[in-house]
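Subject: Structure handover

Hello,

Here is the structure I promised to pass on. Please open it and keep it beside this message as you read.

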Amino acid sequence: MPRWDDDEVLMADIGEALAREAVPEHRREAARAAFAWRTVDEELLQLSYDSAEVSAAAIRGADDPRLLSFELAGLSLELEIAADSIWGQVIPGRACSVTVENAAGDQLTTTADESGIFHLGVLPGPLRLRIGTDAEARQTDWLLL
Amino acid sequence: MPMFDTSDVADLVARARDGDQAAWNDLVERFLPLVTSVINRIRLPASDADDVNQTVWLRLVEHLKDLREPAALPGWLATVARNEALRLIKVRGRSVPVEPERSVLNIAVDDHSDEELIRQERSAALLSALQELPEKRRDLLTLLLEDPPLSYREISDRLDIPIGYIGPTRARALAQLRETTSLRAYCLDEDYEPGRGGRHAAMG
């Protein structure tokens, strides 16, 4: 690394790096506040497919909705993200409550029909979904739609 | 010579796992510059960049319990930040017309001049490398770069080391910095061409 063989050049570059990373205060506040969402020993539904992650552009139309799949211990959650709503299905199908919440504490809840199908609105910012209630509850990791 | 100063990170992670907000805040202080630098390298509207930042920290809260190797934390944070930012570009890109031969990602990156991109890469590598130094050495370098400058006397008082140690310790800290995983990886990669995919494409 010829550029950094010289201590003074290296120091100057470190100085620039530190100066660049003066972090906006609201980012720090958001990062600190995230800790309030700590849950103890909750097993998350694992993301198993995301159409925005695979090189889906080639095989899917640009306006197709984003598709997401989650799984945990025989339970699956399929999501189809439209402009301002979420269509979803819990598999195996069951009538159960489904909640979407964001880090601001907003929540929307609906009930899936007996085949597990539900329709929910979207909230601003990162959000996650929770299926079922109490002891049976399962939730996803935080998502950006 | 220890390459990583991970014992204090391991301790902070363990305490945060047990619900210690102060330990969490220390983790934020330590790694927020790295997360910010990764996010800033990918051109996003400010509100999307804020969302990515928030998502990274929310994810870390969920994953504190399965984070087995504290040394992997900077890499984990950088990967989550990068993936979420790139994914958002992809999702947002759907509503904008894209020339077929140019990927959404390249358009986002091309907005920076090559020189600016090189500087950002360099800064990110240096910040990541600083995290690999023992805390005292990192603090010394940071204090030496304070603006306005601190006197050696003040630095000596703050770090509780003799004035005569400052010069030699600085030299050792810089030597160690050159040997960090972050700087070695960065220098191996120096011939990569900005805006032509390269590392960015591989990280998607």
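This is a predicted model: local features need pLDDT of at least 70, side-chain atom pairs count only at pLDDT 80 or more; totals for chains, interfaces and linings use all residues.

Start with chain A. It holds an open sheet of 9 strands. The order across the sheet is E6-E5-E8-E9-E1-E2-E3-E4-E7, and the pairing is mixed. Which strands sit at the edges? They are E6 (107-111) and E7 (117-121) of chain A, each of which pairs on one side only. From one strand to the next, the twist averages 25 degrees.

**Where the chains meet**

Now bring in chain B. The size of an interface is often given as the accessible area lost when the parts come together. Between chain B and chain A, the buried area is about 5100 Å². Carbon and sulfur atoms give 58% of that area. In residues, 57 of chain B are in contact with 54 of chain A.

The polar side of the interface can be counted too. There are 16 residue pairs in polar contact between chain B and chain A, with both residues at pLDDT 80 or more. The salt bridges between these two chains number 9. One salt bridge to look up joins the side chains of Asp50(B) and Arg27(A), at 2.8 Å from N to O.

Which elements of chain B touch chain A with two or more residues? They are helices H1 (7-17), H2 (21-41), H3, H4, H6 (114-130), H7 (135-144), H9 (163-178) and H10 (181-188) of chain B. H3(B) gives the most to that side, with 13 residues.

**Salt bridges**

Over all chains, a search of the whole structure finds 22 salt bridges. Three of them are described here.

The next stays within chain B. Arg87(B) forms a salt bridge with Glu84(B), and their closest N and O atoms are 3.0 Å apart. Both residues lie in helix H4 (residues 73-93) of chain B. They are 3 residues apart, about one turn of the helix. Arg87(B) is buried, at 8% relative accessible area. Glu84(B) also counts as buried, at 3%.

The last pairs Arg184(B) with Glu179(B), where the closest N and O atoms are 2.3 Å apart. Arg184(B) has 45% relative accessibility, so it counts as partly exposed. Glu179(B), at 38%, counts as partly exposed too.

Finally, some salt bridges share partners. Which residues do they join into one network? The members are Asp50(A), Arg66(A), Asp141(A), Arg59(B), Glu84(B) and Arg87(B).

Best wishes

Note on methods: Residues are numbered from 1 along each chain as its sequence is written. Chains are lettered from A and ligands numbered from 1 in the order in which they are written. Side-chain values use heavy atoms; hydrogens and water are left out. Two strands pair if DSSP finds at least two bridges between them. Helices (H or I, at least four residues) and strands (E, at least two) are DSSP runs, numbered from the N terminus. Axes are lines fitted to C-alpha atoms, for helices over the stretch in contact, and angles run from 0 to 180 degrees between N-to-C directions. A salt bridge is a side-chain nitrogen of Lys or Arg within 4 Å of a carboxyl oxygen of Asp or Glu. Buried means under 20% relative accessible area, exposed over 50%, partly exposed in between (1.4 Å probe, protein chains only). Contact means heavy atoms within 4.5 Å. Buried area is the accessible area (1.4 Å probe) that two parts lose on being put together, summed over both. A polar contact is a pair of N or O atoms within 3.5 Å; within protein, one must be able to donate a hydrogen and the other to accept it, and residues adjacent in sequence count only if both atoms are side-chain atoms.
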